[in-house]
Amino acid sequence: MQRIPLARPSWDDEMRQAAIAVLDSKQWVKGQQNIAFGQSFADYCGALAATPCQNGSVALWAALQLAEISSGDEVIVPSLTFIASATAISLAGANAIFVDVDEYYCMDYHAVKEAITERTKAVIAVHLFGQVIDPRIVELCHQKQLVLIEDAAQAHGATITNSAGEKTYTGAIGDIACFSFFPSKNMAVGGEGGMITTSKQIYCERLNSIVNHGRSSRVEAQQLGSNLRMSEVSAAIGVVQLTHLDQWLQHRRYIASKYLQECKSNTKLIMPKVRENTQHAWHQFCILVEDEDAFIKHMDERLIDSIVHYPIPCHKQPVFSNHPQHQDDFTITDSICKKLVAIPIFHEMRADEIERVISALSSY
């Protein structure tokens, strides 16, 4: 019996041929594949523009540069997230202001509201695990004239529907959005990769420039940038993967619905909630358990991978040992950070693998 991993990236002949065609063309950088991938991704999200880049982490740094965040500025970010969401702020020379999360594991609206000061310039709102943020945060940023940066690294294809029935995709909810195409994500590009999108006209012209040393079409360095470009091979793979994303999301949502339905009676497991009027992207399916070691051991004995996400909140990481919030306690984050365990969910998951996971969950 084979072990069931947390993720399994997709790779088929169509993607292989797209990659080989680029290699054969010898146009390996700064070509039509990047342009096509950026345009198709923007169209998918409903954003005004998008540009591929090297990975999700540099996308966050670039977003902060586009927003003109600098020394002395404050950027609000949840502490329950991957560390890159926070360290990008420090790399931009600004100060990260950490806040707690809500029952959906995304940043808490009330905590964000209380954290705003005269030095606050932006909010990095993380669609954690594929869950969409509280829409009130969008309105709050608009009212306070704060730049809203979506960390959508885990939320390809997640949506929110407003009271008028209008659906908005991640990537077009805030002012700027950042995606990751790491192999475990809902989309991948054969290695590292990322995307920056914007729904604001003021950022459109600068979007392509910032990943190309901040240069204009006349090769003038007009803004602070660097070489953050994606290779043409990766972009070609991304173009193909994007055409499959909706189908893959449908399967992820099917798996999640099976887990939620089949395991709801097990009182040892607290299953994740889905925010009202949203579609979860299910990059991760995380369960709250009282004894994470016992649960992980139980799954491991059945050859099923599981892992805690994220055991150390960002504000308590050693890199922030001198941060004024380093010793602070956040009610929800601190209570769940060591007990939130991810189990396998991926779009290539077979029916027999789904049933094995359900059997393991039911018997815990």
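Contact here means heavy atoms within 4.5 Å, and helices (H or I, at least four residues) and strands (E, at least two) are DSSP runs, numbered from the N terminus. The structure is a predicted model, where local features need pLDDT of at least 70 and side-chain atom pairs count only at pLDDT 80 or more, while totals for chains, interfaces and linings use all residues. Residues are numbered from 1 along each chain as its sequence is written, and side-chain values use heavy atoms, leaving out hydrogens and water.

Start with helix 4 (residues 84-91), where Ala84, Ser85, Ala86, Ala88 and Ile89 are buried, that is, under 20% relative accessible area with a 1.4 Å probe, protein chains only (exposed is over 50%, partly exposed in between). Their cover includes helix 3, strand 2 (74-78), strand 3 (95-99), strand 4 (120-126) and strand 5 (147-151). After helix 4 comes Gly93, with a positive phi near 85°.

Now for the nonpolar cores, meaning sets of buried Ala, Val, Leu, Ile, Met, Phe, Trp, Tyr and Cys residues joined through side-chain atoms within 4.5 Å. The largest has 51 residues, and Leu64, Ile124 and Ile196 touch the most other members. Helix 3 (residues 56-66) gives the most to this core, with 8 residues. Setting aside neighbours within four places in sequence, Leu64 is in contact with Ile69, Val75, Ala88, Ile89, Ala92, Ile124 and Ile149. A second, separate core has 43 residues, among them Ile97, Ala111, Val123 and Ala155.

As for Val29, this residue sits in the loop between helix 1 (13-25) and helix 2 (32-45). Val29 counts as partly exposed because its relative accessibility is 43%.
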